Amino acid sequence: MAEKTDPATSEKKHIGAELIIPAAALAFTIYYFSTIIDSPWTAQVSAFLIGAVLITLIVILIVRSAVAVIGGKADLGMEELVAPRALIPKRVGLFALTLGFIFFVQWGGFTLTVFIFLCFAMLLLTGARRVKLVLLLSLGLSVGGYLLFILAFDTRYPDGPIEHLLQPLESMMDRGL
């Protein structure tokens, strides 16, 4: 009796899309190595160790992927990058929101721009359901980001109306009050 093969299981797995982020990470790591040449040796050692771990993991992924391609179990197809096609409008919208965030953060400041970005991104991804929850989450995350990054870590993000309004609080924190 001849065995029946299921065409869905005999198809090769398309792994090309899975290699985009590791390839970008490898390029960024190599670029980063080139930028730390004049840094203090402690920063160079830390960067090298983290970069070496990242590069090692990328090499393992590439070897594993090459074995799968050579063995005929996979190909470098990019079909997974756009599948499912019904999500392409949401992906494009999220990409546009991300570009908008990058562009407007310099004028809106960190806190307000994060709040607006998170609101619109969550509304887009949820199909505008549970608006109150989205607003509360966005508010909580943007306030948490302000408290953590700006007040606690003293990270210099672009100032906007919220940061200017809360400047007295930041001054009090700087004086230790």
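# Helix packing and loop residues in a predicted model

User: Is the crossing in which α2 passes α3 left-handed or right-handed?

Analyst: This is a predicted model in which local features need pLDDT of at least 70, side-chain atom pairs count only at pLDDT 80 or more, and totals for chains, interfaces and linings use all residues. Residues are numbered from 1 along each chain as its sequence is written, and side-chain values use heavy atoms, with hydrogens and water left out. Helices are DSSP runs of H or I with at least four residues, and strands are runs of E with at least two, both numbered from the N terminus. A crossing is left-handed if the near helix is turned anticlockwise from the far one by less than a right angle, and right-handed if clockwise; the crossing in which α2 passes α3 is left-handed.

User: Is α2 roughly parallel or roughly antiparallel to α3?

Analyst: Helix α2 (residues 20–35) and helix α3 (residues 41–70) have axes 10 Å apart and pack at an angle of about 150°, where axes are lines fitted to C-alpha atoms, for helices over the stretch in contact, and angles run from 0 to 180 degrees between N-to-C directions. Angles under 35 degrees count as roughly parallel, 65 to 115 as roughly perpendicular, over 145 as roughly antiparallel, and the rest as oblique. The packing angle therefore makes α2, relative to α3, roughly antiparallel.

User: How many charged residues are in the contact of α2 with α3?

Analyst: With contact meaning heavy atoms within 4.5 Å, α2 contributes P22, A25, L26, T29, Y32 and F33, while α3 contributes A47, F48, G51, A52, L54, I55, I58 and L61. Ala, Val, Leu, Ile, Met, Phe, Trp, Tyr, Cys and Pro count as nonpolar, Asp, Glu, Lys and Arg as charged, and the others, Gly among them, as polar. By these classes the contact of α2 with α3 has twelve nonpolar residues and two polar ones, and the number of charged residues is none.

User: How many charged residues does the contact of α5 with α6 have?

Analyst: The axes of helix α5 (residues 88–108) and helix α6 (residues 110–126) come within 9 Å and cross at roughly 170°, which means that α5 is roughly antiparallel to α6. In α5, K90, G93, L94, L97, T98, F101, F104, V105 and G108 meet a set in α6 that includes F110, F117 and L125. By class, this contact has 13 nonpolar and four polar residues, and the number of charged residues is one.

User: Which residue forms a stacked aromatic pair with F110?

Analyst: The structure holds ten aromatic pairs, counted where rings of Phe, Tyr and Trp (its six-membered ring) have centres within 6.5 Å, with planes under 30 degrees apart called stacked, over 60 edge-to-face and the rest tilted. F110 lies in helix α6 and its partner in the loop between α7 (131–152) and α8 (161–165), so the pair ties together parts that are 47 residues apart in sequence. At 4.4 Å centre to centre and 15° between the planes, the stacked partner of F110 is Y157.

User: What is the relative accessibility of G109?

Analyst: G109 is placed in the loop between α5 and α6, and leaving aside residues up to four places away in sequence, G109 touches F104, P158, D159, G160 and E163. The C-alpha atoms of G109 and I162 are separated by 7.3 Å, although these residues are 53 apart along the chain. Buried means under 20% relative accessible area, exposed over 50%, and partly exposed in between (1.4 Å probe, protein chains only). G109 therefore counts as buried, with a relative accessibility of 0%.

User: Is R130 buried or exposed?

Analyst: R130 is found in the loop between α6 and α7, and has a positive phi of about 55° although it is not a glycine. A128 lies in the loop between α6 and α7, and also has a positive phi, near 60°, but A128 is partly exposed, with a relative accessible area of 48%. At 63% relative accessibility, R130 counts as exposed.
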